[in-house]
Amino acid sequence: MELRVLRYFFWVCEAKNISKAAEALHISQPSLSRQLKNLDAELGVTLFYRGHQ
């Protein structure tokens, strides 16, 4: 587990939106989403639910 990816997760929680977090972090939204999905798999839990609600 990389601290960078944990930082990304923190930013998504703060922004409450993956797109806004990606913009603040200056990375693409698909890249951020993929890395968070990998973190889910690595931890074996769902950190948050994706999609429109």
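View 1. Met1, Leu3, Leu6, Leu43 and Val45 together make a nonpolar surface patch of about 480 Å². To join such a patch, a residue needs over 30% relative accessible area and no salt bridge, and nonpolar side chains (Val, Leu, Ile, Met, Phe, Trp, Tyr) are joined within 5 Å, while like charges are joined within 9 Å. Areas here come from the Shrake-Rupley method with a 1.4 Å probe, and for residues only the protein chains shown count as cover. Met1 sits in the segment before α1 (3–15). With a relative accessible area of 54%, Met1 is exposed; that word means over 50%, buried means under 20%, and partly exposed is in between (1.4 Å probe, protein chains only).

A quick note on what you're looking at: this is a predicted model, where local features need pLDDT of at least 70 and side-chain atom pairs count only at pLDDT 80 or more, while totals for chains, interfaces and linings use all residues. Residues are numbered from 1 along each chain as its sequence is written, and side-chain values use heavy atoms, with hydrogens and water left out.

**View 2. The whole chain.** Here you get three helices and zero strands, running α-α-α from the N terminus on. The chain's radius of gyration is 10 Å, close to the 10 Å from the globule rule for 53 residues, so the chain is as compact as a globular protein of that length. That radius is taken over C-alpha atoms, and the rule is 2.2 Å times the number of residues to the power 0.38. Helices (H or I, at least four residues) and strands (E, at least two) are DSSP runs, numbered from the N terminus. Of the 53 residues, 28% count as buried. The accessible surface comes to about 4,000 Å², and 54% of that belongs to carbon and sulfur atoms.

**View 3. Glu2 and Arg4 pair up.** Their side chains meet in a salt bridge, at 2.7 Å from N to O. What counts as one is a side-chain nitrogen of Lys or Arg within 4 Å of a carboxyl oxygen of Asp or Glu, and by this rule the count comes to one. Side chains of opposite charge can pair when their charged atoms come close. Glu2 is partly exposed at 46% relative accessibility, and Arg4 is partly exposed too, at 34%.

**View 4. Around Asn17.** Look for Asn17 in the loop between α1 and α2 (18–25); its relative accessible area of 28% makes it partly exposed. A polar atom of the Asn17 side chain lies 3.0 Å from the backbone nitrogen of Lys20. Asn17 and Gly51 are 34 residues apart in sequence and 10.0 Å apart in space, C-alpha to C-alpha.

**View 5. Two residues with positive phi.** Most residues other than glycine have a negative phi. Lys16, though not a glycine, has a positive phi of about 60 degrees, and it sits in the loop between α1 and α2. His26 also has a positive phi, near 60 degrees, and is found in the loop between α2 and α3. Lys16 is exposed at 73% relative accessibility, and His26 is exposed with a relative accessible area of 73%.

View 6. Leaving aside neighbours within four places in sequence, Ser33 is in contact (heavy atoms within 4.5 Å) with Ile18 and Arg50.

Methods
A polar contact is a pair of N or O atoms within 3.5 Å; within protein, one must be able to donate a hydrogen and the other to accept it, and residues adjacent in sequence count only if both atoms are side-chain atoms.
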